[in-house]
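Notebook open, viewer open. I want to go through this chain piece by piece and jot down what I look up.

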Amino acid sequence: MAKKFYSFCRQAGVILTLGASGVFAQHPPLQPVNLRFMDSNTGYALQPQELLVYDPAANRVVASPAPGQVTPEGNASLSLPPGNYMLEAGAAGYASISARLVVGEEMPTQIRLFLDPLYPPAELEPVRIRLLQRPDATLICGFVVDDHSGRPLEGVRIHSPENSLPATSGGNGYFQLYLPAEEVAGSLRFEKAGYLAEERAGIELWPGGDWQYRIRLSAGQGTRVVKEGKQDRAPAGHSRNAGGDEPCEDCDSPPQRSAGEQSLPFQSPGTDAGVFPTPALLPNSIRVGRNCPSATTCTSVEVYTVQTYCKYVLPAEWFSCWGSLSNGMNSLQAGAVAIRSYGVWHVYNPLTANYDICDNTFCQFFGSSQTSNGNAAVDATERYVLATAGNAITRSEYSAENNNKGCGDGWSGTGTTWPCIWDPVCSGIASNGHGRGMCQWGSARWANGTKIVLPNACVAGVPHGYGTKTWQEILTHYYPDYQLIEGYTASIVSAAAIPSTVSPGQTFSIQYTIQAAPAMSLMLGASVRPSAGGNWIDDPANDRKLSVNAGSSSVFRNFTLPGNAPLGSYDMWLALWYDVNGNNQINAGDFVFDSKRFNQAFSVGPNAVEPLAGAIPTDYFLGQNYPNPFNPITSIEFSLPRAGRTVLKVYDPLGQEIASLVDGTLPAGHYRTEWDAGDFPAGVYFYRLKVFERGTDYRETKKLVLVR
């Protein structure tokens, strides 16, 4: 009856376990988690070879679907109980990505994870893009893919009213054309029979410029219009256009200028932040809410590395053409730091359980294209963020024009929610924004030394006479209460098991090669499992905290296999943790910098057997272990007069196998092996030698005593 009831409950979505008292205990039903994996440059579907889910509260890997469970379209489905997890995925030729995963009743229909290629596709190589740039036009290039299959779309017609020469996407979905630079803005239309056409309006054009698009077309009819919004730039969390009629996040509220320390990485939204002071720890990824009617009602979620996220936001918020003006890259670099700080602040203070930040004027506008100028600015400022005096990353606001918002003409700031900042390069300009933080147009004027104004943002104006500023000076100018610092990062470059073949019950070493900046202390986490599948094996007793140098370091931690570990090839999952609460343990309150899975990293074979000198024996022999009693390691010697398959195992008093010391064919000779019983309680155990040779079945059993 119990079996029938249990079966019924499983079908109903209820999980029951039978406790020692004979009473069924109910557990929360599993929730479906639908994932999709894509290339962040092209939008192609990916099939990651590495995919697992880690439970930080239990400090163990809880799920790891086989590679075959990820479809060619890059889709994977998991079933998990409600809770906070960390998801890690990696594919050959791509940097792995990890992301926070909160499983609950209001899960998004699908979570899309975009992996960064280790090297960009040949069509988007920076050197190639520079060679293609023209002084009379803006280069438009990129990839078009089928949104359902994730495969490249060939034969998509790309045309524009500004250019009578249309382009057609090739077999890999790549397209390329030019729009004349004498126009301030242009448009593109992507068309293919059977697909919903897409029109891009308001594309910023400038001499020698470029846009690198990632376009996804869906089956259907009609046209989807996407406004690039290039007439001015949106203030972070505030209205984009001059009329101020677009919605925004906290448009008129005071800024969070003293946000306190960051929230813990796995805290639920709404819990108290700043429990533990930390340095500025830079996360691996950011979860972006897409299709957002409001800040907290986004209908889908995409995950990017923070660096790639900034490369899609910067050209959507700043004029990329400013980088082509004299000293203009300083404006984009200052913007990159503000954008990174604003985004990372939201990682620590997420808008909802499912995503950190939204994709439009409620937060920061997230585009679908990159530019060479924008990418260079983001790369040049990698790791830089704005922080409070206590090194807490800030929600660094900015808006288009901060002039005369309460402090008078020629002054930025409000005088109440932001200090008054003398800003003469913006005098006489109508305000467009809230007045707090960086003035975007002011950053360009300070960088270039001229009074750049509409209608053509890509042309230098008349000199304003106040000199120029570097990107660091621009940030100091507009954020007087903040400091510019380099955040903490660490990543696993490579790893190896030493030795590469180990035995059940054996302790071996894992060598990590780590790239870190700056020098810091890290916890080294590790889990292993048979490559053929099965449960992950954890070893929290050997989790180790140690100091690593700035730059590249080689460090080690031990890992002890259980005595019943099956033989065969093994994978390793390794992670680098920052011990936020300082308790020298990996737990839910700690911060993970990086994690990677290494497939077929080592093998588990018969116990390491040491051949002993001496003449070939004439008889089989099993010696008494020494020492005996022992704690916790003892040696066992045996002899074989002839070659044969040799099995030496340890059993508990009930006859249950608890360790396999030798299991393989050995030549004739004298041998010695060891058993490390560190994980077993004191008591009496038995070890048995069996040899199979030409039909011979030799057996002998002896007793050993473990003391504590």
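In what sense do strand β30 and β34 pair, and over how many bridges? I looked this up before anything else, keeping in mind that the model is predicted. The pairing of β30 (residues 507–517) with β34 is antiparallel and runs over 10 bridges. For one residue I noted the partner: Ala516 bridges to Gly551 in β34.

Next, the sheet around that pair. I find an open sheet of 3 strands, ordered β28-β30-β34, with antiparallel pairing. β28 (489–498) and β34 (551–560) are the edge strands, and each has a single partner, so one side of each lacks a neighbour in the sheet. Ignoring direction, neighbouring strands here are turned by 25° against each other on average.

**Whole chain**

I stepped back for the overall numbers. The chain has 7 helices and 44 strands. Of its 708 residues, 56% are buried. I also checked the contacts between residues at least 6 apart in sequence: 68% of them join residues at least 24 apart. The accessible surface comes to about 28300 Å², and carbon and sulfur atoms account for 52% of that.

**Cores**

Which residues touch the most other members of the largest nonpolar core? I get Phe37, Leu113, Trp322, Met438, Tyr479 and Phe602, in a core of 143 residues. Helix α4 (residues 329–348) gives this core its largest share, 10 residues. Another core lies apart from it, with 24 residues, including Ala677, Val691, Leu704 and Leu706.

I then clicked on Phe602 to see what surrounds it. Leaving out residues up to four places away in sequence, Phe602 touches Ala497, Ser500, Val502, Phe508, Val528, Leu561, Gly568, Ser569, Tyr570, Asp571 and Met572.

**Aromatics**

I count 34 aromatic pairs in the structure. For each one I want two values, since a pair of aromatic rings is described by the distance of the centres and the angle of the planes.

Trp418 and Tyr479 make an edge-to-face pair, at 6.1 Å centre to centre with 85° between the planes. This pair links distant parts of the chain, 61 residues apart. Trp418 sits in the loop between β24 (411–412) and β25 (421–422), while Tyr479 sits in the loop between α7 (471–478) and β27 (483–486).

Elsewhere I noted one aromatic cluster made up of Phe114, Tyr304, Tyr309, Tyr312 and Phe366.

**Arg151**

Last stop for today. Where is Arg151 found? I located Arg151 in the loop between β10 (137–146) and β11 (157–160).

Setting aside neighbours within four places in sequence, I see Arg151 in contact with Pro72, Glu73, Val145 and Asp146. I also took the C-alpha to C-alpha distance from Arg151 to Ala45: 6.4 Å in space, for residues 106 apart in sequence.

Conventions: Residues numbered from 1 in each chain as written. Predicted model: local features only at pLDDT ≥ 70, side-chain atom pairs only at ≥ 80, totals over all residues. Heavy atoms only, no water. Helix = DSSP H or I, 4+ residues; strand = E, 2+ residues; numbered from the N terminus. Buried < 20%, exposed > 50% of the residue type's maximum accessible area, 1.4 Å probe, protein only. Contact = heavy atoms within 4.5 Å. Areas by Shrake-Rupley, 256 points an atom, 1.4 Å probe, with all protein chains shown as cover. Core = buried A, V, L, I, M, F, W, Y, C linked by side-chain atoms within 4.5 Å. Pairing = 2+ DSSP bridges. Axes fitted to C-alpha atoms, helices over the stretch in contact; angles between N-to-C directions. Phe/Tyr/Trp six-rings, centres within 6.5 Å; stacked < 30°, edge-to-face > 60°.
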